[in-house]
Amino acid sequence: MKQTRIVITGVGLTAPNGNSLAEFRANLLAGVAGVERIEIRYMGQQLAGVCHYDPLRYQKKKEVRVGTRAGSISIYCAREALADSRVAWDSVPKDRVGIYIGCTEHGNVETENEIYNISKFNYDTKFWSHYHNPRTVANNPAGEASLNLGVTGPAYTIGAACAAGNLGLIHATQMLRLGEVDFAICGGVSESIHTFGIFAGFKSQNALATHDDPKKASRPFDKARNGIVISEGGALYTLERLEDAQARGAKIYAEIAGYHVNSDASDYVLPNPTRQTECIRAALKRAGLAPHDIHLVNTHATATPLGDIQECEGIRAVFGEGCPDTYVNNTKSFIGHAMGAAGALELAGNLPSFGDLTVHPTINVDDLDPQCALPGLVLNTPRKVGKVDTILNNSFGMLGINSTLIVKRFIP
Amino acid sequence: MTKDECKKLVLDIIADIAPDEDLSNVKPDVRLRDQLQLDSMDFLDIVMELRKRHGIEVPEKDYMQLASLDSSAEYLTPKFIELAAKR
């Protein structure tokens with residue numbers, strides 16, 4: 001079936017090592033990580049990826065105070081993406097715009113804050129904020145963006161654990177193809193570093209990274225990896241149908257080539273390489289591509305001892321042989337795990353490869369775990385390659401949700 | 001506690017809940033909503049901050065007393081004095 005072609009026309013992001021695509025990409029090529037120590041309530045100093053964008057660029061002080069961090073990140077990324085797209089925003093019918101934002105979770109931060117707040121008042125709930133509900137509804141990040149942008153079309157979040165960033169793009173693609181909207185703002189965001197519960201949960205699971213040097217803490221595929229660095233961040237894209245983008249002379253970053261989403265149905269937290277492989281293969285099939293057609297595989301690997309090995313098993317099964325032009329990398333080694341933003345941010349970090357024919361490396365691999373050895377794995381320094389026409393982006397999440405998104409160089 | 005001191009305490013709260021507003025020329029006899037960008041949620045914030053910072057309760061039936069700085073001072077000053085006497 002011939003499907004409507006969907007293209008990426010704008011990128012807005014904030015990552016722990018960059019507040020624009022140009023800055024983010026430059027740091028990915030220069031080996032600059034963005035992990036630091038921050039104080040986490042009840043837990044003391046912890047490693048985290050912190051974003052340093054200026055919220056007041058697009059929000060009033062009151063909006064920042066009343067809203068959530070995830071809402072603020074969404075607004076920043078959406079505004080940056082719109083500016084980057086150069087769309088004539090004032091003349092875009094706002095009821096034909098959709099906002100689809102992936103989140104790992106939402107509401108933990110705000111609920112913890114309120115409980116902490118009333119703990120100062122002997123747990124008297126009359127001190128509980130009247131902003132609690134609008135802050136914690138699951139659609140909050142997209143809703144805040146819709147308020148800020150005046151978007152009156154559908155605006156909601158997609159809860160999909162750490163696969164959510166990819167799902168934002170996938171859902172937007174589907175809605176554009178269905179004709180539900182004419183213009184989409186989509187991707188993923190995370191405010192997870194502001195909830196102690198995520199840190200404590202991973203720590204109890206023995207899955208929280210530790211390292212004397214914060215910038216070396218996130219080390220997927222390294223033998224000494226010891227867990228996840230939790231990060232905040234966001235990446236939102238403008239997506240349009242090709243004919244609309246061409247009609248306005250838009251710059252086109254890439255075309256959506258294929259995608260797939262499936263579920264493990266096997267465990268709450270443990271990944272399932274068989275299902276991951278199925279997900280990758282199904283995305284390839286939808287894209288009409290063979291494994292050897294993929295030039296860059298961006299892994300989900302979070303630096304947990306088992307998870308990395310299992311993903312490598314899955315990748316090896318698909319790209320192990322007969323794929324001499326397929327390179328593999330990992331972005332979390334720079335920025336940690338940005339949860340709901342991860343898939344969207346990691347795709348953004350690799351999009352410039354279409355132009356510079358360079359694969360950013362996986363850093364912090366001092367001693368490669370042989371079980372994570374993959375042909376084409378780019379370690380520690382960027383690699384100039386002959387061809388990048390396709391990028392395959394994996395993002396997997398708890399409760400066994402898997403997503404693979406493939407984008408390709410735009411060729412009219 | 002004088003009425004002017006009371007107005008200053010209310011303005012301190014408004015400065016925090018409406019940080020974008022210029023409060024240098026707030027007219028005490030004009031409704032706050034007519035001169036500042038304040039909505040009903042902001043008035044709930046004023047009520048909450050009076051409770052948190054000063055231990056003063058404003059029942060819902062009295063919210064209209066907080067309409068202007070003058071009416072706020074008229075209503076709140078006796079409450080502040082009463083509270084101080086208890087301490």
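Two residues are taken to be in contact if their C-beta atoms, placed from the backbone, lie within 7 Å. The structure is a predicted model, in which local features need pLDDT of at least 70 and side-chain atom pairs count only at pLDDT 80 or more, while totals for chains, interfaces and linings use all residues. Residues are numbered from 1 along each chain as its sequence is written, and chains are lettered from A and ligands numbered from 1 in the order in which they are written.

**Asn393 of chain A**

Under this contact criterion, and leaving aside residues up to four places away in sequence, Asn393(A) touches Asn166(A), Asn298(A), Gly343(A), Glu346(A), Leu347(A) and Leu405(A). Asn393(A) belongs to strand β14 of chain A; helices (H or I, at least four residues) and strands (E, at least two) are DSSP runs, numbered from the N terminus. A residue is classed as buried if 20 or more other C-beta atoms lie within 10 Å of its own, as exposed if 12 or fewer do, and as partly exposed in between, with C-beta atoms placed from the backbone. Asn393(A) counts as buried because it has 29 C-beta neighbours inside 10 Å. Between Asn393(A) and Pro382(A) the separation is 11 residues in sequence and 18 Å in space, C-alpha to C-alpha.

**The ten-stranded sheet of chain A**

Strands are said to pair if DSSP finds at least two bridges between them. In chain A, 10 strands make up an open sheet with mixed pairing, in the order β5-β4-β6-β8-β1-β9-β15-β14-β10-β11. Its edge strands, each pairing on one side only, are β5 (155-159) and β11 (327-329) of chain A. On average, and with direction ignored, neighbouring strands of this sheet are turned by 25° against each other. Axes are lines fitted to C-alpha atoms, for helices over the stretch in contact, and angles run from 0 to 180 degrees between N-to-C directions.

Strand β4(A) runs parallel to β6(A), to which 7 bridges join it, and parallel to β5(A), with 5 bridges. Of the 7 residues of β4(A), 7 are buried. Both faces of the strand are covered, with Val97(A), Ile99(A), Ile101(A) and Cys103(A) buried on one side and Gly98(A), Tyr100(A) and Gly102(A) buried on the other. Individual residue pairings in the sheets of chain A are listed below.

| Residue | Opposite residue | Strand of opposite residue |
|---|---|---|
| Ile99(A) | Ile185(A) | β6(A) |
| Arg37(A) | Leu47(A) | β3(A) |

Helix α3 (residues 69-85) of chain A lies across β1, β4, β6 and β8 of chain A, at about 130° to β1(A). Helix α10 (residues 273-287) of chain A also packs on the sheet, where it touches β9 (254-263), β14 (390-397) and β15 (401-408) of chain A, and its direction makes about 145° with that of β9(A).

**The three-stranded sheet of chain A**

A further open sheet of mixed pairing consists of 3 strands of chain A in the order β2-β3-β7. Strands β2 (36-40) and β7 (230-231) of chain A are its edges, each pairing on one side only. The pairing of β2(A) with β3 (residues 44-49) of chain A is antiparallel and extends over 5 bridges.

**Domains of chain A**

Domain bounds come from an automatic or database domain assignment. For chain A this gives domain 1 (7-247) and domain 2 (258-408). The C-alpha centres of these two domains of chain A are 21 Å apart. Contacts link 55 residues of domain 1 of chain A with 51 residues of domain 2 of chain A. On the side of domain 1 of chain A that touches domain 2 of chain A, α7(A) gives the most, with 7 residues. That side divides into 30 nonpolar, 18 polar and 7 charged residues, where Ala, Val, Leu, Ile, Met, Phe, Trp, Tyr, Cys and Pro count as nonpolar, Asp, Glu, Lys and Arg as charged, and the others, Gly among them, as polar.

Chain B contains 4 helices and 0 strands, in the sequence pattern α-α-α-α. Its radius of gyration, taken over C-alpha atoms, is 12 Å, close to the 12 Å that the globule rule (2.2 Å times the number of residues to the power 0.38) gives for 87 residues, so chain B is as compact as a globular protein of that length. The C-alpha trace of chain B spans about 35 × 25 × 20 Å along its principal axes. Buried residues account for 20% of the 87 residues in chain B. Of the contacts in chain B between residues at least 6 apart in sequence, 57% join residues at least 24 apart.

The contact between the chains takes 7 residues from chain A and 7 residues from chain B. On the side of chain A that touches chain B, the residues comprise 2 nonpolar, 1 polar and 4 charged.
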